[in-house]
Amino acid sequence: MKIWRKLLICSVSLIVFFFAEIAINIACGGEGDPYDYYVSFFHNDIQRTQEYKPFYFTSYSFLYDDEEQVSEATLNSIEWAAYLGHGVKTEDVEKAMYNLKYNADSTLYNGYLDGKGPLPDSLKSNTFLQALASNKSALSYYQFAKGVEPVANVKSEYWNPKEMDTKALKEDGEEALSNANTPKDKFIKLRYLYQAQRLLHYGKYYKEAADVYDKYLVNYKTDSHVKGWTLALRAGESRWLGDTVNSAYLFSKIFAAYPERRVQAYRNFNYMRVKTAAVLALAANKNEKAVIHAIDGFNDPALNINPLKEVYEYEPSSDMVGVLLIREINKLEEQYVSTTLTPSPAVSSYYQTMPDSSKNKALAHIKQLESFCQKLSAEKKYPESSLGNLALAYLAWMQKDTKSGLGYLAALNSEKLSSKFNDQKQIIQLLLTAQGIQQYNEVNEATLLPSLKWLDDKVAHEIKNNTAYNLGYYGLSPFAITARNFYQDIMAPAYLKQGDSSKAAIAMLQGDASGSNVTEASSETINYWQNYLHSSALNKIIAWKKTPPANPYLHFLTQKLGRYSNDDLYELLGTAYLREHKYAEAANALKIVNNKKLSAFPTNFYDEKATGSDPFISQMPDYPKLLLNNNEKGYNKRQFAQAMAGFQKQIKADPKNASAYYFTMGTALYNTSTYGNAWYLISYNWSSTDYGRKSLYYYDADYIKTTNAEKYFLKARQLSTNAEFKAKCTFMAAKCRQKQIKLPSYSDYRDYNYTKLQDDEKNYDKAVRRNPYFAELQKSYGKTAYYKLAVNDCSYLRDFLKVSKK
């Protein structure tokens with residue numbers, strides 16, 4: 001999920017919809033998902049190889065994946081199996097060398113390898129160990145390598161660090177160098193030299209280790225990957241000896257030729273912090289220059305086409321070209337697409353207006369990429385040159401140039417595309433088709449249906465075998481991300497623009513993938529359904545659930561409704577009616593909802609018990625909140641709806657006491673606000689940041705601004721002749737009016753103009769102390785007992801009186 005969309009500041013959430021049970025959560029924001037934090041439709045894994053996966057784009061971490069894509073252990077095992085021959089299996093080599101438990105490893109070393117015992121039962125069939133017995137030089141080397149492991153591979157513990165035995169390392173390194181002069185076997189000789197250099201290096205004898213490489217290994221003719229490992233050591237030795245430029249250059253060579261050390265080489269190259277130009281000066285050929293430029297590009301999160309152009313110039317057939325191109329497209333998604341789409345309300349708080357300077361820079365970058373992609377497609381030097389037209393079509397979609405985008409896709413019709421390229425083509429086709437629709441209706445929706453069904457199938461196939469998604473993560477599920485983003489950031493906003501909130505809601509729901517262990521809607525969908533849907537939209541959705549639509553498109557879009565119970569939908573409907581003050585309708589809707597579900601109350605802050613509240617308790621101060629009187633039980637939504645509907649009837653039936661009914665209803669409305677004791681009756685979450693925030697939801701007139709409560713208190717005052725009661729109504733109206741003043745927040749000042757923030761905070765302080773109802777209290781009800789209590793309790797009122805006396 002897009003974690004940045006749901007970061008919260010210490011909030012209590014009562015999440016009812018689309019869950020097996022109501023859940024109460026106290027959450028403080030987590031870290032962003034490095035794979036899913038911006039709107040993306042262009043998959044980063046469509047190339048023929050995933051060899052460069054660690055260098056895909058993400059601004060949230062140094063590497064997209066910090067695991068080497070090739071196993072060093074496997075490569076070494078392959079070399080040993082080939083060297084020994086006689087049916088030696090690679091997996092047997094890898095097991096004996098790298099995967100033995102300590103006891104088995106110790107028994108092997110002190111027994112069989114030393115000629116003092118047979119193979120352990122678990123290793124009797126190991127072809128590698130059997131073959132060692134008939135190869136004296138290999139057996140001797142293996143014994144040596146196992147013997148130096150305790151001193152070379154010291155495990156460092158954070159709380160109990162162990163120092164390396166440098167003396168022993170030097171002695172073992174010198175022994176390895178001496179042993180290297182014995183065998184004529186180049187395979188074994190190379191490994192002794194590697195051990196010599198490695199042991200001296202670990203002992204921090206960098207000059208001596210470098211001498212081993214320079215004297216014996218630099219010109220050693222071999223295709224073995226061990227040669228690369230010695231080069232990596234030599235690169236590190238250059239660093240410790242002060243020649244960081246040469247070190248970076250050597251690491252770039254490791255990056256190019258030895259994929260099992262590529263991530264390590266990339267890290268070390270960048271740790272050096274040397275200028276790229278200085279490293280390029282050491283490059284011996286175009287290939288080396290291409291690699292250095294690629295490393296530079298892989299480490300650049302900003303829009304920058306130069307590394308891509310340089311790599312293509314020096315080595316146009318390299319897979320690095322595609323990686324760099326897709327990186328630039330993904331950067332545009334992060335910096336341009338995510339800020340120019342019109343998102344659904346549920347996610348709109350994240351998106352910021354893009355400054356003109358940034359927008360112009362992004363558009364200029366798009367033009368540069370278009371020029372490059374045209375060249376890539378025309379020259380066909382890159383093995384997957386179709387990527388050029390795919391990228392051009394997507395860049396056209398970014399610019400809302402639907403006609404050109406479709407033209408670029410049409411140019412691919414005659415080409416045989418890989419399955420991943422074809423999938424990407426389908427996604428872009430869907431985007432362009434949706435973009436070309438001016439008005440969504442049955443005819444236009446029908447054109448989208450085949451593509452949507454295709455995408456739905458891709459998501460289902462993807463998550464079926466995707467453990468990461470079933471654990472609740474979207475990050476490594478590209479089709480699930482594509483579907484979610486399409487429905488939430490393309491379809492839902494389009495329907496909302498047409499005023500169709502019902503279709504917007506089911507579009508968002510359709511965008512939520514469902515794994516075998518994950519059936520909940522996403523946080524974005526939950527947010528939208530809980531906070532933006534009116535009763536009219538929910539009634540339409542309930543009707544679709546009762547009778548699935550005959551229209552194929554609408555039938556497809558509503559298919560996930562069947563997964564959720566009537567309790568879920570009618571609870572939402574009842575809540576919407578409560579927000580709309582349609583209490584009789586709310587009571588009828590909530591009759592359908594299970595009592596247990598309705599009575600799952602949020603945990604309060606005072607005794608950490610899940611308890612409801614009595615919304616009809618009138619309090620002069622907001623804090624501490626009085627939830628219940630004596631041993632009363634809290635109201636659930638149905639009970640609240642029934643009570644409020646009763647008061648609405650009483651106002652008409654008993655006009656003589658209407659003022660008391662209005663006051664009681666005003667009290668209840670106030671208590672359902674974020675400042676009251678029963679917010680859970682109209683809201684699904686409560687946050688400390690709700691206090692005085694700007695209005696976001698249609699029910700914020702009650703939840704944040706308390707404007708309807710104010711009207712009820714004023715109506716109660718108007719209908720009463722009792723001065724004490726009228727004073728109480730006036731004070732409660734003053735509390736409501738105070739909540740209608742927006743509290744300045746850091747988030748409102750995205751230009752970081754904190755001077756303006758401080759000025760606005762001062763104006764806020766003045767406004768809450770100049771409440772117009774305070775003047776009425778003083779003038780009309782200054783002699784009442786209630787007024788004296790209010791002065792004693794309310795510091796804002798006292799401050800008003802101090803100012804008014806001046």
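This is a predicted model: local features need pLDDT of at least 70, side-chain atom pairs count only at pLDDT 80 or more; totals for chains, interfaces and linings use all residues.
Leaving out residues up to four places away in sequence, I found F128 touching W80, L84, V88, D92, V93, A96, M97 and Y142.

I then looked up the largest nonpolar core, which has 228 residues. W80, F128 and W529 are the members that touch the most others. At least three residues of this core come from domain 1 (441-564), and at least three from domain 2 (637-740 + 771-804).

Next I checked helix 30, residues 637-653. I took 1.5 Å a residue, so its 17 residues should span 24 Å; the end C-alpha atoms lie 24 Å apart, and the two values agree.

I listed the buried residues of helix 30 as K637, R638, F640, A641, M644, A645 and I651. They sit on the same side of helix 30, because their arc around the axis is only 165 degrees. On the face turned away from that buried side I noted the exposed residues K649 and A653.

I asked what covers the buried residues of helix 30. The cover includes helix 27 (566-579), helix 28 (583-590), helix 29 (595-598) and helix 31 (658-671).

At the start of helix 30 I looked at N636, which has a side-chain oxygen within 3.0 Å of the backbone nitrogen of R638.

Last entry: Q758, which belongs to helix 35 (residues 754-769). Its relative accessibility is 47%, so I logged Q758 as partly exposed; the cut-off for exposed is over 50%. Y746 is 12 residues from Q758 along the chain, and I noted 9.9 Å between their C-alpha atoms.

Definitions and conventions
Residues are numbered from 1 along each chain as its sequence is written. Side-chain values use heavy atoms; hydrogens and water are left out. A nonpolar core is a set of buried Ala, Val, Leu, Ile, Met, Phe, Trp, Tyr and Cys residues joined through side-chain atoms within 4.5 Å. Buried means under 20% relative accessible area, exposed over 50%, partly exposed in between (1.4 Å probe, protein chains only). Domain bounds come from an automatic or database domain assignment. Contact means heavy atoms within 4.5 Å. Helices (H or I, at least four residues) and strands (E, at least two) are DSSP runs, numbered from the N terminus. The expected span of a helix is 1.5 Å times one less than its number of residues. The arc is that of the directions from the helix axis to the C-beta atoms. A polar contact is a pair of N or O atoms within 3.5 Å; within protein, one must be able to donate a hydrogen and the other to accept it, and residues adjacent in sequence count only if both atoms are side-chain atoms.
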